[in-house]
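Dear colleague,

I am handing over the structure below, together with some notes on what turned up in it. Please read the notes with the coordinates open beside you.

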Amino acid sequence: MTDISRNDNQLMSLDDDTLHEECGVFGILGHPDAATLTALGLHALQHRGQEAAGIVSYDGKQFCSERRMGLVGDHYTNPATLAQLPGDRAIGHVRYSTTGDTVLRNVQPLLAELEVGGIAIAHNGNFTNGLTLRRQLIADGAICQSNSDTEVVLHLIARSRHASSSDRFIDAIRQMEGGYAMLALTRTKLIAARDPIGIRPLVMGELDGKPIFASETCALDIIGAKFVRDIENGEVVVCEIQADGSISIDTYKPQNPKRERLCLFEYVYFARPDSVVGGRNVYTARKNMGINLAKEAPLEADVVVPVPDGGTPAAIGFAQASGIPFELGIIRNHYVGRTFIEPTQSIRAFGVKLKHSANRAVIEGKRVVLVDDSIVRGTTSVKIVQMIRDAGAREVHIRVASPMIFHPDFYGIDTPDADKLLANQYADLDAMCEYIGADSLAFLSIDGLYKAVSGAPRDPRSPLFTDHYFTGDYPTRLLDKDGASNVRQFSLLANNG
């Protein structure tokens, strides 16, 4: 898929031209290996954020925090690092920034000492009124040490007049709007909460009788935990260690619950293929997208090639439905990190090839169908098509397993402004195709996507999912965007590099 070209002077890889979601969360209460299990869970959630990772634990006397820039495996495989995180309760976070600079002070979990005791918070998503509340708090005398919207929650908890940490937490998040899955750790409690519409996913698991919360089921699988259930939209679950060592679990639900609308992009791109999101297997949904795409946009070709890795399940479905052979025509090098070559003009064209190369043996002389999960800006699609042509392809056709993206996101997906989106830059599909350099271009319809995930077309009167990036139907107020002209959308591209 395609999105953000970071800088004209920087080499472009496929990963630089993708959508990003800013984080994943994991927490466990009452297990002697809490920090190690949290690190493993974060490793499984690494796809949700690669800029930074953090873990906070509590050992019965004090909170311990390790927050690092970079990947989970770069730091938390070190026994010495895990030794700094004692205790039988912990929460962790992997981050890709959409609000706040990419600096250590913004790495979660954020930890604070309050009147009711210490509390650590980590969340996935964005608050659409976070900047508005932040300004109000600062005007009232609050001192903010980060520019992460998560810190707003800590201030609201500190200012709440409720007696218990649980009630203060609930009081605070009831003032927040947007999409989020949030975990909080106190001296005795692990608290989990999901936004009122359920835009961001959050699941509950169990290991050795101890409660676990995670953004996706794949984080439970890696540690052998049992999946218990999805946290409901608007629900708050409070797990507390009692004096006798037992763990109580209490749930709090809104009096007037809203209808759940899970983010549709979890199925298109963000969630890991082996996860189950909202009761649906992600791999199956993506494969169905490819099947529906083959039915909606058939063509004659010799080989179906996925754009790795996101396009692979859809390409398998497309190949099966069309009868066109599936081949790995693009090989990904998983061992190249950020660009290590000085990006001079003479070698800038090598950017895509650093991480991906064409498999000439299955491409040369062939009519190739490239299947991608989505296209945002289209800049990488141009490079991929040229790479396939350079490998000797006779024709190059692009099939995209999601609809055209017309609108930016404000709930935790890093998207460019509307006028930077490919769908808004060209008058029609033919013009987009000409820009990309393909022989043909087709996108999956919104009904085709809905059918792939839920089995039924989209009901415009009551959509099952949050799908505003395709339709413009935002499920909440956008207070920060609409309420102040000097507030940019939550996707702060300058801060993201």
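In this predicted model, six strands form an open sheet with antiparallel pairing, and their order across the sheet is β6-β7-β8-β9-β13-β14. The edges are taken by β6 (110-114) and β14 (247-252), each of which has a single partner strand, so one side of each is left without a neighbour in the sheet. From one strand to the next, the twist averages 20°.

At one end of that order, strand β13 (residues 236-241) pairs with β14 in the antiparallel sense over six bridges, and within this pairing Val238 has Asp250 in β14 as its bridge partner.

Two helices pack on the sheet. Helix α5 (residues 150-159) touches β6, β7 (117-127) and β8 (178-185), and its direction makes about 135° with that of β7. Helix α6 (residues 165-173), for its part, touches β8, β9 (189-194), β13 and β14, with a direction that makes about 20° with that of β9.

A separate point concerns Cys23, which UniProt lists under "active site" in an unreviewed entry. Where does Cys23 lie? Its place is in strand β2 (residues 23-29), and because its relative accessibility is 0%, below the 20% cut-off, Cys23 counts as buried. Leaving aside residues up to four places away in sequence, Cys23 touches Arg48, His93, Val94, Arg95, Tyr96, His123, Asn124 and Gly125.

Notes:
Residues numbered from 1 in each chain as written. Predicted model: local features only at pLDDT ≥ 70, side-chain atom pairs only at ≥ 80, totals over all residues. Heavy atoms only, no water. UniProt positions renumbered as here; feature names shortened; annotations may be inferred. Helix = DSSP H or I, 4+ residues; strand = E, 2+ residues; numbered from the N terminus. Buried < 20%, exposed > 50% of the residue type's maximum accessible area, 1.4 Å probe, protein only. Contact = heavy atoms within 4.5 Å. Pairing = 2+ DSSP bridges. Axes fitted to C-alpha atoms, helices over the stretch in contact; angles between N-to-C directions.
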